[in-house]
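Colleague: Take me through one part of this model up close, please. I'd like the local packing and how the neighbouring pieces come into it.

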Amino acid sequence: SLTHALTTMPTGGFSTFNASVASLQNPAAEVIITLFMFGAGINFVLFYRLFKGDISSVKENEELRFYFLTTVTAIVLICINIYPHINGSALETLRLGAFQVVSIVTTTGFATANFDAWPHFARALLFFLMFMGACGGSTGGAIKQVRLLILLKYAYRELYQMIHPSAVSSIKLGNQSLSEEIIRGVVGFSFLYILFFVLSTLALCGMGLDFITSASAAASTLGNVGPGLGQVGPMFTYQAIPPAGIALLSVMM
């Protein structure tokens with residue numbers, strides 16, 4: 001209990017069992033860990049405001065709403081996709097799907113199922129969730145929800161200005177207008193993140209690893225997720241990676 005609690009809140013994902021949380025065979029524990037993983041992915045400043053009684057600023061936080069929406073949407077899509085392939089009830093499907101989505105999106109890395117054996121759509125969605133990460137100011141890794149939200153707003157503004165060249169519009173996060181310096185920083189960070197992912201994937205492929213293993217290992221280590229797909233899936237470790245690849249992935253972490 002203590003070990004799993006200490007690796008849930010920091011979204012570390014280490015377990016005292018080789019099969020991770022699946023070894024517990026305890027649905028109640030999985031639900032508790034899921035809830036606290038999701039909570040660990042929230043900006044901790046919002047917890048402080050909540051404790052101070054500032055409920056309105058928490059409810060109006062745009063990043064929190066975006067985080068909740070993307071997580072719930074991913075859970076629904078994956079549950080719909082895996083339900084015909086799981087010999088279980090709808091409730092069990094929801095438990096498995098929700099746990100794995102929250103574990104990946106918060107970059108915790110716990111596993112309760114071999115999601116590498118799930119249908120292609122579910123595997124692809126989990127792979128892309130490795131890039132998202134949780135909220136800024138949380139214990140999660142990867143790009144972070146707030147940067148993705150800013151990138152979406154930035155892309156919308158650029159498309160809008162292509163249609164209306166003379167329009168002047170600013171990007172707002174909540175009620176705050178973001179400076180161009182902040183936006184450039186977000187775009188630059190995201191570009192470098194994707195660049196490191198592409199280069200490390202190519203390097204791993206050059207070491208003889210297949211594309212799925214290479215790409216998921218690069219995405220997982222760069223985002224500090226843990227398990228990936230292929231030879232680094234939830235039922236395996238990184239032992240299949242050659243020493244040069246281990247050194248590269250250590251740098252990515």
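**A loop and a helix**

Modeller: Let's start with Asp116, which sits in the loop between α6 and α7; helices here are DSSP runs of H or I with at least four residues, numbered from the N terminus. Bear in mind that this is a predicted model, where local features need pLDDT of at least 70 and side-chain atom pairs count only at pLDDT 80 or more, while totals for chains, interfaces and linings use all residues. Residues are numbered from 1 along each chain as its sequence is written, and side-chain values use heavy atoms, with hydrogens and water left out.

Asp116 counts as buried because its relative accessibility is 19% (buried is under 20% relative accessible area, exposed over 50%, partly exposed in between, with a 1.4 Å probe and protein chains only). A polar atom of the Asp116 side chain lies 3.0 Å from the backbone nitrogen of Gly230. Leaving out residues up to four places away in sequence, Asp116 touches Arg123, Leu229, Gly230 and Pro234 (contact means heavy atoms within 4.5 Å).

Thr112 is in the loop between α6 (90–105) and α7 (120–132). Thr112 is buried because its relative accessible area is 11%. Apart from neighbours within four places in sequence, Thr112 is in contact with Val21, Ala22, Glu30, Leu96, Phe99 and Gln100.

The buried ones are Thr213, Ser214, Ala215, Ser216, Ala217, Ala218, Ala219, Ser220, Thr221 and Leu222.

Now for the two ends of α10. At the start, a side-chain oxygen of Asp210 comes to within 3.2 Å of the backbone nitrogen of Ile212. After the helix comes Asn224, with a positive phi near 60°.

One last stop is α9 (residues 180–206), which holds Phe196.

Notes
Polar contact = N/O pair within 3.5 Å; in protein donor to acceptor, adjacent residues only side chain to side chain.
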